Each structure stands twice: as structure tokens, then as C-alpha cells.
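User: I'd like to learn how to read charged side chains and helix packing in a model. Can you walk me through this one?

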Amino acid sequence: MFETSSRLPDFPWDKLGPYKQKAAEHPDGIVDLSVGSPVDPVPALVKQALADAADAPAYPTTIGTSAVRRAAVDWMERRLGVTGVDPARDVLPVIGTKELIMTLPTLLGVGAGDTVLIPDLAYPTYEAGAALARATSVPVEDPAAYDGPVRIAYLNSPRNPSGEITPPDALRRAVEWARANDVLLVSDECYTEFGWDEKPVSVLHPDVCGGSFDNLLAVHSLSKRSNLAGYRGGFVAGDPTVVAELLEVRKHAGLMVPSPIQAAMAVAFADDTHVEEQRARYLRRRAVLRDALTDAGWEITFSNGGLYLWASHPSYDAYGSVGALADRGILVAPGVFYGTAGERHVRIALTGTDERVDAAVKRLQE
């Protein structure tokens, strides 16, 4: 009767079951580095803001509170150098950015016969969102090199899974191409606070967009920045015409961020101290894991931003690598989850506790 799921790609994580079972047989337990789900505490000031706003009997508004929109704008200017964003018209809070990406083509009227460009190594939700809308997704290395009509093109920097950071000149070329071809360019920047070897640049930075947000959206999340994946809070900013369209459609769908979550979001975006503390945790885990993998014969590619190491071993393809690490009680994600370009790689998340990361290091050294 209902067959929407048949249009969607397979949910890749289901394929990890046997490897997870194997890794769990290790005498010291599994080290699960397969999913980028935060494990560190929610900042105390955010929990307090949530509690203080808990008495919220009325419906929230889809456009969100002025406080959360102002906090998002201030954060973009303070941390990303993005200027000129109008909190009254250019910003919209969303119920986690996966929800936004999954529904964006549908909400904007993209459908059968339309093309959506996704990165050749990509978070699976870009493809799934296009499929939900009955559009065709095309993996590309460079959207500006694509010849043909396009409705939406996605960028992701730092990129999941590889940690590659897109340089400003490539972003500028993509912006120019999008405007010349009337394409909506959507930049997923959820890892932007975690640039390691270089600093990520937003597509909305004036050096990239020339001070105009036409044809551009930037997507930001608190899941990684503030350990708030369980809160489901983020926002989209950019072209005011597109933001207004999303607002009108989302009003009808009742897609509203709960009021206590908005209060927590505003406090989280206003504070940088907890982010620096979290950066230090990830930097330490990245350093010890990277050294241990390299010493054990693995090659690390890119990985200059984000929460993952993009690793390969000369003896294995993607699933062979997953199996070899599962034998040591370490669970990782095969690169083919993210496209054929990852067929010899694995993605290793930094989102393990210090104790579990140190256990993985010890096993690699043995």
C-alpha cells in the first residue's frame, strides 16, 4: 500500500551488524568508532537554560524566537566572519539539520525530472532527500564542472566522511556557477568549528559570496559543536527568498523547534568556552589515534577537519579493513557507505570516550 521507503537507498548501518557482533567479542569490549554521535557531556549552562525554559505550554513559532535567531547571527559573525545576515529574514531554526537536508528538495518543490548534485563522497542523507522528492541525485567531485540543468547542489566542508576542507577559491567558483545557472547551492557546515590543519570558510563569508546571499544556503548544527545531537537543534541561513519559502511551507507542516530547545540553542551559540574545551578533547583523540594507525601501517588521507579519520590499508578494501579492525574489537564504518570513491577506505570517528580511544590505541599497538 505504501512504498516510499522503496525509493530510498538502503540504510547502510544495518550492514555493520556482523562486524559489530565480532568486535563485541573482544575481552575488553567493543570500541565503537563507527558513528559520529557525541559521547561527552552536554555543557552545564545549556542544561540549565533548557531547565529554566521547561515551563512552555504554548506552541512555539516556526520562525523561532528573536533570541535564538540573534544568537545564530552573532555566532556566525564572531566565529566565522560572516556579516550582513538579517536575523529577521535570513535565518530559520530547524529540528536538527538532518531533518532539513532530508526534506529540503521536497519542501522546495524539487521532483521527478530534476537533478540534485551531491559530493562524490557524501553523507547518505543528501541522496536520500533527493530520492524522497523523486529527483535524481548525481555524485560529482566539482559541481561547477557539471554540464546540465540542476536545481540543488550540495557542498560539505569539512566533509563527512573524509575531513577534506574546501578552499575558498573552490567555494567562489561554486558560487559563481550557481548564480550563473540559477542553482541553489547548499553548504552543509556542521563541522565548521572543527578545522584542524586549516580553518574552514563559510559559503556566506563575504570573501566567498561577495556580500550577497543570492542562491546560497548555509546549514549549521549544534550536534557536534556543543554535544547536542540529542537536542535536535540547528539552523539554515542565506538567501532570504528561499528562507521565506521554507518558512511558509514549514508553518503548514508544523516543523517547529520546541521552545526549551530554542532557549538552550541561544545559550549554546553565545558561549565559546565549552567549544574550545571540546576541541581540545577531539584534538587529543585525533593525535593518539592517528599516530597509532600510522604506526600500524594505515594511511590517513585528508582528515584536516571534522570528527573522523579517513584511513586505508594496502592489504584491504573497505569491508576488509572493517573486518580486520573488528578482529581487534574496533568498529568503524566502511568508506563505501559514502560512495564508490570510498571503496578502499574506512571512516574512524573521534567520538569515543578517552578511555575507549586509549583502548583502541593499545589494540593497534599490539
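**Charges and packing**

Analyst: Let's begin with D90, which counts as buried because its relative accessibility is 1% (buried means under 20% relative accessible area, exposed over 50%, partly exposed in between, with a 1.4 Å probe and protein chains only). Keep in mind that this is a predicted model: local features need pLDDT of at least 70, side-chain atom pairs count only at pLDDT 80 or more, and totals for chains, interfaces and linings use all residues. Residues are numbered from 1 along each chain as its sequence is written, and side-chain values use heavy atoms, with hydrogens and water left out.

User: What does the side chain of D90 meet in a salt bridge?

Analyst: Side chains of opposite charge can pair when their charged atoms come close. Here the partner of D90 is R89, at 3.2 Å from N to O; a salt bridge is a side-chain nitrogen of Lys or Arg within 4 Å of a carboxyl oxygen of Asp or Glu. R89 is partly exposed, at 49% relative accessible area. By this rule the count comes to 25 salt bridges.

User: Which parts of the chain does the pair of D40 and R285 link?

Analyst: D40 and R285 form a salt bridge with their closest N and O atoms 2.8 Å apart. D40 sits in the loop between strand 1 (31-32) and helix 2 (44-52), while R285 belongs to helix 10 (residues 273-295), 245 residues apart. Helices (H or I, at least four residues) and strands (E, at least two) are DSSP runs, numbered from the N terminus. D40 is buried at 11% relative accessibility, and R285 is buried at 1%.

User: At what angle do helix 4 and helix 8 pack?

Analyst: Two packed helices are described by the angle between their axes and the distance between the axes. Helix 4 (residues 97-107) and helix 8 (residues 240-253) pack at about 100 degrees, with axes 11 Å apart. Axes are lines fitted to C-alpha atoms, for helices over the stretch in contact, and angles run from 0 to 180 degrees between N-to-C directions. So helix 4 is roughly perpendicular to helix 8 (under 35 degrees counts as roughly parallel, over 145 as roughly antiparallel, 65 to 115 as roughly perpendicular and the rest as oblique).
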